[in-house]
Amino acid sequence: IDTTSSYTQMYDSLQKAFILLGLDCSAKLLIHIVVEHMDHDNNCFSFNKYTVDKFNKTQILHGGQEYTRKSIQLAIAKMVDCNILIRHSKGIYQVNPEHLWRSTPAQRINTMIELKQELENKEKLKLTEKKKYNNSVCR
């Protein structure tokens, strides 16, 4: 690992975030599998049977316990609630670049800008849909 990259620096801050947020062991362990499987472009990964199997094989290899799919889903949900992971669609998640990044610092900044714009667009869409609904109900 290149110790000058944001990858290592962000990983350290992620560990601190886990401690401060009080996330349990399954969430802490799961992030290691996520790091291994996320892509290099935008830190996305998919949650599926393969992810669960890989997680449990790693656990057993290191003398840990197996986790059920539900336990892993709960760990992912906690990380989404804590803004460590961003859910894009069913089974597709992105590691928040504020906490962890795997590519260059410039790509991290670009991704953060894109995520901010995406969030703003979603909020605008929600407001537009809410106005349309209110207008149709009030008529």
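Visitor: Why is Lys 49 called exposed?
Guide: Happy to start there, and please keep in mind that this is a predicted model. The relative accessible area of Lys 49 is 56%, and exposed means over 50%, so Lys 49 is called exposed.

Visitor: What makes the pair Lys 49 and Asp 53 a salt bridge?
Guide: Their side chains meet with N and O at 2.8 Å. The cut-off is within 4 Å for a side-chain nitrogen of Lys and a carboxyl oxygen of Asp, so the pair Lys 49 and Asp 53 qualifies.

Visitor: Where do Lys 49 and Asp 53 lie?
Guide: Both lie in helix α3, residues 49-61. They are four residues apart, about one turn of the helix.

Visitor: Why is Asp 53 called partly exposed?
Guide: Asp 53 has 31% relative accessibility. Buried would need under 20% and exposed over 50%, so Asp 53 falls in between and counts as partly exposed.

Visitor: How many salt bridges does the structure hold?
Guide: There are two. Besides the pair in α3, Lys 122 forms one with Glu 118.

Visitor: How do you know that Lys 122 and Glu 118 form a salt bridge?
Guide: Their closest N and O atoms are 3.6 Å apart. The limit is 4 Å, so this pair is a salt bridge as well. Lys 122 and Glu 118 both lie in helix α5, residues 105-138, four residues apart. With 41% relative accessibility for Lys 122 and 32% for Glu 118, each counts as partly exposed.

Visitor: Let us turn to another residue. What makes Gln 94 buried?
Guide: The relative accessible area of Gln 94 is 3%. Because buried means under 20%, Gln 94 is called buried. Its place is in strand β3, residues 92-95.

Visitor: Why is the link between the side chains of Gln 94 and His 88 called a polar contact?
Guide: The two side chains are joined at 2.7 Å.

Visitor: How do you know that the span of helix α4 is close to the expected one?
Guide: Helix α4 covers residues 69-81, which makes 13 residues. From first C-alpha to last, α4 reaches 18 Å, close to the 18 Å expected at 1.5 Å a residue.

Visitor: Which residues of α4 are buried, and what puts them on the same side of the helix?
Guide: The buried residues of α4 are Ile 72, Ala 75, Ile 76 and Met 79. They cover an arc of only 95° around the axis, so they sit on the same side of α4. The face turned away from that buried side carries the exposed residues Lys 70 and Asp 81.

How values were computed: Residues are numbered from 1 along each chain as its sequence is written. This is a predicted model: local features need pLDDT of at least 70, side-chain atom pairs count only at pLDDT 80 or more; totals for chains, interfaces and linings use all residues. Side-chain values use heavy atoms; hydrogens and water are left out. Helices (H or I, at least four residues) and strands (E, at least two) are DSSP runs, numbered from the N terminus. Buried means under 20% relative accessible area, exposed over 50%, partly exposed in between (1.4 Å probe, protein chains only). A polar contact is a pair of N or O atoms within 3.5 Å; within protein, one must be able to donate a hydrogen and the other to accept it, and residues adjacent in sequence count only if both atoms are side-chain atoms. The expected span of a helix is 1.5 Å times one less than its number of residues. The arc is that of the directions from the helix axis to the C-beta atoms.
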